[in-house]
Structure formats: C-alpha cells, structure tokens
Amino acid sequence: MRTLADYEFTREKGMFFEGVRAGWGDRKGYRHLWVDGKPKLEHRLIWERYNGSIPEGMEIHHIDGLSSALSNLKLVTRSEHEQLDQRQTNRSPTWRANISA
C-alpha cells in the first residue's frame, strides 16, 4: 500500500512523482510535508496515520536517530522526551585536547 510519503508533490505543477520521497529536510534532519497548505512534520503525520491524534502534552520521540519508520517512533511526555534526548546526546561525547609547547 502506498502512502503520502511515497510521492513527491510539486506545488508549481500540482503533480506527484512515484518513487521520490515527499517533502524536504530541515537543518536538524526532520522531514516536512505540505498538508492542507501548511508544513507538517513527517514523523507526526506517520504517527497520527496509524495511531490517531497525538494527545495534548505528548510528543513523538525517535527511538534511534531520525528515521520516521513507525517502529522507530514512541509517544512520550515532554519531560520524558527531554530526558531521552539528553541521554542520546551524551552517548558519544567528543573530546578535544590542545597541546602546546
């Protein structure tokens, strides 16, 4: 079954192209799609398509990276999301040393 994410929509021509991923990526790596004239985040659209609307105060967490696969998305509270994001940020710290003589 094809989904909206299977097609690219060009606003100029009003056409979809099969096999081209829909939307665009931002600087943080999130994908956006135009829905009803407004930009929407891809992972939120996918969650809502299969699980219904996202309750107020809840957010969608990417379990492993920014893949928007349904199996990689988890519904969490804002505080849980902040904790999970902090843990992911701290997984591989970068160390830099300056040595001078």
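1. Gly 25 has Arg 31, in strand 4, as its bridge partner. The two strands involved, strand 3 (residues 24-25) and strand 4 (residues 31-35), run antiparallel and are joined by 2 bridges. Strands are DSSP runs of E of at least two residues and helices are runs of H or I of at least four, both numbered from the N terminus; two strands are said to pair if DSSP finds at least two bridges between them.

2. Basis of the note. The model is predicted, so local features are reported at pLDDT of at least 70 and side-chain atom pairs at pLDDT 80 or more, whereas totals for chains, interfaces and linings use all residues. Residues are numbered from 1 along each chain as its sequence is written, and side-chain values use heavy atoms, with hydrogens and water left out.

3. Overall content. The protein holds 2 helices and 7 strands. Read from the N terminus, its elements follow the order β-β-β-β-β-α-β-β-α. Of the 101 residues, 20% are buried (buried is under 20% relative accessible area, exposed over 50%, partly exposed in between, with a 1.4 Å probe and protein chains only). The accessible surface comes to about 8,100 Å², and carbon and sulfur atoms account for 50% of that surface; the areas come from the Shrake-Rupley method with a 1.4 Å probe, and for residues only the protein chains shown count as cover. Among contacts between residues at least 6 apart in sequence, 19% join residues at least 24 apart, a contact being heavy atoms within 4.5 Å.

4. An open sheet is formed by 3 strands in the order 3-4-5, with antiparallel pairing. Strand 3 and strand 5 are at its edges with a single partner strand each, so one side of each has no neighbour in the sheet. Strand 4 pairs with strand 5 (residues 38-41) over 4 bridges in the antiparallel sense. Within this pairing, Leu 33 has Lys 40 of strand 5 as its bridge partner, and Val 35 stands opposite Lys 38.

5. The two hairpins. Between strand 3 and strand 4 the hairpin has 5 residues, and Gly 29 takes a positive phi near 100° there. The hairpin of strand 4 and strand 5 has 2 residues between the strands. Most residues other than glycine have a negative phi. Asp 36 lies in the loop between strand 4 and strand 5, and it counts as exposed because its relative accessibility is 76%. A reader checking the backbone may wish to inspect this residue.

6. The nonpolar core. The largest such core has 5 residues, namely Ile 46, Trp 47, Ile 54, Ile 60 and Leu 73. The term denotes a set of buried Ala, Val, Leu, Ile, Met, Phe, Trp, Tyr and Cys residues joined through side-chain atoms within 4.5 Å. Leaving out residues up to four places away in sequence, Trp 47 touches the core members Ile 54, Ile 60 and Leu 73, and its contacts also include Gly 52, Leu 70, Lys 74 and Leu 75.

7. The salt bridge. The count is 1 salt bridge, a term that requires a side-chain nitrogen of Lys or Arg within 4 Å of a carboxyl oxygen of Asp or Glu. The side chains of Arg 78 and Glu 59 form it, at 3.1 Å from N to O. The pair links distant parts of the chain, with Arg 78 in helix 2 (residues 78-89) and Glu 59 in strand 6, 19 residues apart.

8. Surroundings of the pair. Are the two partners buried or exposed? Glu 59 counts as buried because its relative accessibility is 17%, whereas Arg 78, at 51%, counts as exposed. Glu 59 lies in strand 6 (residues 58-62). Apart from neighbours within four places in sequence, Glu 59 is in contact with Lys 74, Leu 75, Val 76, Arg 78 and His 81.
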